[in-house]
Amino acid sequence: MSSRLRNSCFVCALSFASSVPLCVAQNTTSTLPPVLDVHVHAVDQSIPGMDVPMCPNTPKFLASDPATKEAPFGWVQDECTPKLYPAAKGEYIKDVVAEMNRLNVTAVVFGDPASVQKWKDAAPGRVIPGTSFNEGMNPGARVPLDELRKDFTTGGFKVMGEIGLQYEGLSPSDPSVDQYFALAEELDIPIAIHMGTGGSGRANVGMTKFRGSMGNPLLLEDLLARHPKLRVQVMHAGYPMIDNMLTLLQANSHVYVDVAGLIWSYPLSEVNRYIQRLVDAGFEDRVMFGTDQVEWPKLMAYSISIIQNADYLTSEQKRDILYNNAARFLRLDTAKK
Ligand SMILES: [Zn+2]
C-alpha cells in the first residue's frame with residue numbers, strides 16, 4: 001500500500017496534459033512572519049508532462065478544434081517573467097523545503113502515508129500531514145475505512161484530503177462516500193475537498209469524468225446537514241462559482257476556503273477580483289492561503305507574493321490569510337501572528 005497515491009488536485013488537470021494540538025516550527029532562523037500553506041502535495045518527482053517551465057496566471061485559455069490533435073490543456077503559450085522552472089531530477093523535495101525554511105512556511109502536505117513521511121523527514125516541524133480515501137487516480141478506488149481510521153487515530157494525520165470526487169464526476173453528498181465523512185466528523189478531523197477549478201481550459205479533452213457542475217459549493221449542503229460538526233476546507237474556493245461559495249459561507253460557519261491553484265493558474269485580475277469578493281462579502285477570517293505546490297519550487301514564493309501585493313487587502317487581512325485563519329481552522333497551539 002505504500003505506493004498508493006492519495007492526491008487529487010487542481011494541477012492533476014495539468015498532469016493529464018501530458019496529478020492533539022499541533023505545533024508550528026518555532027526553531028527557525030528566518031525573520032519572516034510565519035506562513036501556513038494549507039495545500040501541498042507529497043510528490044517527490046516530476047509528474048510526466050508537467051516537467052516544463054511554467055508561466056503562472058495564464059491570461060487566456062484557447063479554443064481548440066476536435067478535428068485536430070488537441071492538447072489536453074488550453075493555456076496560451078506566451079513568454080513571461082517570472083517563469084517558474086521545475087526542480088532538477090531528484091531535487092524537488094529538497095528545493096521546496098529550502099523554500100519553506102527561507103519563507104518560514106509550515107504546510108499541510110497531502111498524500112499516502114509513505115509519501116507524506118518523506119516530507120516529514122525532510123522538513124521536521126514544518127509538515128502537517130493529510131491523507132484521503134482516494135486510492136490513486138482510479139475513479140471509485142477507495143482506501144479501506146479501517147485503514148483510514150488508523151491513519152487518523154494512531155498515524156498522526158490531521159486533515160482528510162485532498163478529496164477529489166469532482167474528478168470522478170461525483171457530488172460530495174453522494175451516499176457512497178458518506179462513511180468517510182462520518183469518520184471525519186466522529187474523529188473531529190477537518191476535511192479538505194477539491195471544489196471548482198480544473199480542466200485547465202480543456203477538461204473535455206483530458207479528463208472525461210470531470211464535471212464542472214460537481215464543483216458547485218452548494219453540493220456540500222446536504223453533506224453538512226448530515227454532519228453538522230464537520231469542519232470543511234473548500235479547496236480552490238469553489239472557483240469560479242463565487243455566488244454559490246458566498247451562499248455556503250453564509251449558511252455554514254464551519255466552512256473555510258483555500259485559494260490554492262486558483263491563485264497562480266487563472267488571469268491575475270480575475271484572481272484578485274475573486275479573493276476581494278470573498279473578503280468584501282465579510283469572510284476575511286475564512287480565507288486561507290495555499291499553493292497546490294507541485295513541480296516548481298518557486299511556486300510557493302510566487303503565490304505568497306500575490307497576497308502580499310494585493311492592494312485591496314490591509315496588512316492585517318494579509319496576515320490573516322497567510323497565517324491566522326488557517327491556524328484557527330487547524331486549531332494550532334499558537335498565538336496570533
Ligand atoms: Zn484540488
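Visitor: Which residues in α2 meet Met300, Ala301 and Ile304 in α11?

Guide: This is a predicted model, in which local features need pLDDT of at least 70 and side-chain atom pairs count only at pLDDT 80 or more, while totals for chains, interfaces and linings use all residues. Residues are numbered from 1 along each chain as its sequence is written, and side-chain values use heavy atoms, with hydrogens and water left out. The residues in α2 are Val96, Glu99, Met100, Arg102 and Leu103; contact here means heavy atoms within 4.5 Å. Helices (H or I, at least four residues) and strands (E, at least two) are DSSP runs numbered from the N terminus.

Visitor: What describes two packed helices?

Guide: The description consists of the angle between the axes and the distance between them. The axes are lines fitted to C-alpha atoms, for helices over the stretch in contact, and angles run from 0 to 180 degrees between N-to-C directions. For α2 and α11 the angle is about 35 degrees, and the axes are 9 Å apart. By class, this contact has 6 nonpolar, no polar and 2 charged residues. Ala, Val, Leu, Ile, Met, Phe, Trp, Tyr, Cys and Pro count as nonpolar, Asp, Glu, Lys and Arg as charged, and the others, Gly among them, as polar.

Visitor: At what angle do the axes of α11 and α12 cross?

Guide: They cross at roughly 150 degrees and come within 9 Å. That makes α11 roughly antiparallel to α12 (under 35 degrees is roughly parallel, over 145 roughly antiparallel, 65 to 115 roughly perpendicular and the rest oblique). Ile304, Ile307 and Gln308 in α11 meet Lys318, Ile321 and Leu322 in α12.

Visitor: How many disulfides does the structure hold?

Guide: A disulfide is a covalent bond between the sulfur atoms of two cysteines; the criterion is a pair of cysteine sulfur atoms within 2.5 Å. The structure holds 1 disulfide, which joins Cys55 to Cys80 with an S to S distance of 2.1 Å. The torsion about its S-S bond is about -95 degrees, so the disulfide is left-handed.

Visitor: Is Cys55 buried or exposed?

Guide: Cys55 counts as buried, at 16% relative accessibility, whereas Cys80 is partly exposed at 23%. Buried means under 20% relative accessible area, exposed over 50%, and partly exposed in between (1.4 Å probe, protein chains only).

Visitor: How many aromatic pairs are there?

Guide: Rings of Phe, Tyr and Trp (its six-membered ring) pair if their centres lie within 6.5 Å; planes under 30 degrees apart count as stacked, over 60 as edge-to-face and the rest as tilted. By this rule there are 11 aromatic pairs. One of them, Tyr239 with Tyr274, is edge-to-face, at 4.9 Å centre to centre and 70 degrees between the planes. Tyr239 lies in the loop between β6 and α8 and Tyr274 in helix α10, so the pair ties together parts that are 35 residues apart in sequence. Both Tyr239 and Tyr274 are buried.
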